[in-house]
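My notes follow in the order I worked.

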Amino acid sequence: MVIYWEYAFAENALLDGLLLYLALKCVRSRVRFLRLFLAAGLGGAEAVLFPLLTLPDWAAYAVKALGGILLCLAATSGDIKKCALSATAFFALTFALGGALTAAYSYFGIETVDGTGFYVERAPVALVFAGAGIFLCAGLAGARALYRYKKMQQNLLPCRLTAGGKTVSWTGFADSGNCLTFRGEPVCVLSPAGVFALLGASPPVAGRIVVGTVNGTCERSVFRIEQLCVGTFCGGVYATVGDVGKAYQIILHTGILEGCHAHVFDAQGLAAKDKGRGKRHTLSLRK
């Protein structure tokens with residue numbers, strides 16, 4: 001049997017680099033490509049040299065585990081916490097990719113006869129890299145979805161609203177894109193069903209506001225909420241009708257929790273500084 005070490009080095013270096021990149025993205029660690037290339041090269045060298053060692057099983061597993069930790073340490077900036085998180089993600093992703101490729105081998109593997117006369121299963125190189133590429137795309141998409149969900153859950157807050165002698169307890173969403181104001185006060189967004197449940201079928205209209213979203217610009221009625229209590233804020237606000245998600249009943253104004261709704265541009269600045277990955281379209285303001 002002939003083994004081409006340069007092919008083994010290249011294949012393992014590329015796979016290790018892919019897994020390290022995905023692990024760093026999963027733990028939201030900064031990707032430094034010079035370090036990443038260095039760590040991937042070390043992984044390729046380890047794959048070439050490891051078969052030359054004669055070790056008992058327990059020592060072989062220990063060396064492999066230590067090698068993975070060293071790769072993560074080389075790929076990160078030396079932060080112990082980031083290294084530990086990256087190593088955990090790296091090992092989990094390695095097992096996941098190995099299981100996925102093993103399942104693919106059973107369907108697409110090619111049987112050949114080795115030098116001893118036994119049948120062995122060989123996977124085409126194209127299959128390995130195609131599977132790794134699909135795994136990378138799926139992993140990145142899953143990580144983004146997980147962090148979006150986590151961020152949304154962190155922005156869900158219990159609220160108590162009072163209007164017209166009726167009090168309701170709802171879940172509010174702290175939206176960095178809601179900068180609507182009316183007469184210098186913040187405007188929250190309720191669904192039509194929420195307006196009906198809180199204010200009745202014919203709520204008194206305080207005025208109208210121009211709202212611009214990705215779907216266009218329109219005028220909507222504004223209603224007075226006598227009291228909104230959320231976090232440390234407890235006071236009167238205005239509300240308008242709009243699209244509201246299923247996980248919450250009211251979209252809160254940016255300034256309510258930031259204490260800056262006295263000036264429109266302050267709220268816009270906070271929206272611009274939002275660190276979330278998801279893009280949000282800022283609602284337009286009434287001049």
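This is a predicted model: local features need pLDDT of at least 70, side-chain atom pairs count only at pLDDT 80 or more; totals for chains, interfaces and linings use all residues.

**Entry: Ser 86**

I found Ser 86 in helix α4, which covers residues 80-108. What does its side chain reach? It reaches the backbone oxygen of Lys 82, at 2.7 Å. I then listed the contacts of Ser 86, leaving aside neighbours within four places in sequence. They are Ala 23, Leu 24, Val 27, Cys 72 and Thr 76.

**Entry: the chain as a whole**

I stepped back to the protein chain. I counted eight helices and ten strands in its secondary structure. The protein chain has 287 residues, and 36% of them count as buried. Taking contacts between residues at least 6 apart, 62% join residues at least 24 apart.

**Entry: α2 against α3**

Next I looked at a helix pair. Two packed helices are described by the angle between their axes and the distance between the axes. Helix α2 spans residues 33-49, and helix α3 spans residues 57-75. I read an angle of about 160 degrees for the pair, with the axes 8 Å apart. That angle makes α2 roughly antiparallel to α3, because angles over 145 degrees count as roughly antiparallel. The crossing of α2 and α3 is right-handed.

Which residues make the contact? From α2 I noted Arg 35, Ala 39, Leu 42, Gly 43 and Glu 46. From α3 I noted Val 63, Lys 64, Gly 67, Leu 71, Leu 73, Ala 74 and Ala 75. I sorted the contact of α2 with α3 by class: seven residues are nonpolar, two are polar and three are charged.

**Entry: Ala 40**

I stayed on helix α2 and picked Ala 40, which lies in it. Ala 40 has 8% relative accessibility and therefore counts as buried. What does Ala 40 contact, once neighbours within four places in sequence are left aside? I found Ala 13, Asp 16, Gly 17 and Leu 20. I also took the C-alpha separation of Ala 40 and Ala 75: 8.4 Å. These two residues are 35 residues apart along the chain.

Technical notes
Residues are numbered from 1 along each chain as its sequence is written. Side-chain values use heavy atoms; hydrogens and water are left out. Axes are lines fitted to C-alpha atoms, for helices over the stretch in contact, and angles run from 0 to 180 degrees between N-to-C directions. Helices (H or I, at least four residues) and strands (E, at least two) are DSSP runs, numbered from the N terminus. Angles under 35 degrees count as roughly parallel, over 145 as roughly antiparallel, 65 to 115 as roughly perpendicular and the rest as oblique. A crossing is left-handed if the near helix is turned anticlockwise from the far one by less than a right angle, and right-handed if clockwise. Contact means heavy atoms within 4.5 Å. Ala, Val, Leu, Ile, Met, Phe, Trp, Tyr, Cys and Pro count as nonpolar, Asp, Glu, Lys and Arg as charged, and the others, Gly among them, as polar. A polar contact is a pair of N or O atoms within 3.5 Å; within protein, one must be able to donate a hydrogen and the other to accept it, and residues adjacent in sequence count only if both atoms are side-chain atoms. Buried means under 20% relative accessible area, exposed over 50%, partly exposed in between (1.4 Å probe, protein chains only).
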